[in-house]
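Work through the following exercises with the sequence and the 3D structure open. Each task is followed by a solution in steps.

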Amino acid sequence: MPVDLPALLAPERTALLMMECQEGIVGGGGKLSAIAEAVQRHGTVAQIARVLQAARRAKVPVFHCTMSRRPDGGGAVVNCLLLAAGRKNPTPLLPGSPQQAVVAPLAPVDGDYVVTRYHGITPFHGTELDPLLRNLGVETVVATGVSVNVGILGLTIEAVNAGYQVVLPREAVAGTPDAYVDAVFEHTLRLLATVAPVAQVVAAWCG
């Protein structure tokens, strides 16, 4: 069924979510990870920056969905392999550290929202994200960042469960390996969200 993208992305009813676009995950601080390599290879940060700039021009609320860990690990349960890997990181995402910061091209500015979680793998879990979006009258969320493997997929499912429409700018998300990412889009994400090229999302906000 054809989608009226400009109507779906009406600025007064839309928010931009950027998932874990942090130095220690997608930036130079995450240079040893497969996700950071995929982000660099595909130019994902530059694509997210295009969406971000268009969102700010259109006065679309911007949310930085970040993760952090206390120095003592308190409050974060290691109950899966992914969280266990994070616990072993020699440069953990400590609050206020360079690793925990959003990468410079996407850095928060006055008026942006920063929603940080200390446990879990998705930004709706145990945070104020949902009430903030509802209080702003948001009906559609535009999801960008990493990773298609877990975070973006989980964000999409949770947003749909909460009643939001989800738009995924295809070049503004990343995962690994490429063939798996393509399969997730083909067999899962396109059934849950509206997938559109970055250029179309930008055009909807700049028209």
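**Exercise 1. A residue in a strand**

Task: Find the element that holds V115, and decide whether V115 is buried or exposed.

Solution. Step 1: V115 sits in strand β3, residues 113-117. Helices (H or I, at least four residues) and strands (E, at least two) are DSSP runs, numbered from the N terminus. Residues are numbered from 1 along each chain as its sequence is written, and side-chain values use heavy atoms, with hydrogens and water left out. The model is predicted: local features need pLDDT of at least 70, side-chain atom pairs count only at pLDDT 80 or more, and totals for chains, interfaces and linings use all residues.

Step 1: V115 has a relative accessibility of 9% and so counts as buried. Buried means under 20% relative accessible area, exposed over 50%, and partly exposed in between (1.4 Å probe, protein chains only).

Step 2: Leaving aside neighbours within four places in sequence, V115 is in contact with F63, H64, C65, T66, T127, E128, L129 and L132. Contact means heavy atoms within 4.5 Å. For F63, the separation from V115 is 52 residues in sequence and 7.0 Å in space, C-alpha to C-alpha.

**Exercise 2. A residue in a loop**

Task: Locate T122 and list what T122 touches, not counting residues up to four places away in sequence.

Solution. Step 1: T122 belongs to the loop between β3 and α6 (129-135).

Step 1: The relative accessibility of T122 is 7%, so T122 counts as buried.

Step 2: With residues up to four places away in sequence not counted, T122 touches M19, R117, G151, G154, L155 and E158. Among the buried residues of helix α7 (residues 151-161) are G151, G154 and L155.

**Exercise 3. Backbone angles to check**

Task: Find the cis peptide bonds at S147 and P177, then the positive phi values at E20 and K59.

Solution. Step 1: Most residues other than glycine have a negative phi, and most peptide bonds are trans.

Step 1: V146 and S147 are joined by a cis peptide bond with omega of about -10 degrees. S147 is in the loop between β4 and α7.

Step 2: From T176 to P177 the peptide bond is cis, with omega near -10 degrees. P177 lies in the loop between β6 and α8.

Step 3: E20, which is not a glycine, has a positive phi of about 55 degrees. E20 is in the loop between β1 and α2 (23-26) and is buried, with a relative accessible area of 10%.

Step 4: K59, a residue other than glycine, has a positive phi near 60 degrees. K59 lies in the loop between α4 and β2 (62-67) and counts as exposed at 72% relative accessibility.

**Exercise 4. The whole chain**

Task: Describe the protein chain by its helices and strands, its span and its buried share.

Solution. Step 1: The protein chain has 9 helices and 7 strands.

Step 1: Along its principal axes, the C-alpha trace spans about 45 × 35 × 30 Å.

Step 2: Of the 207 residues, 48% count as buried.

Step 3: Of the contacts with a separation of 6 or more, 80% come from residues 24 or more positions apart.
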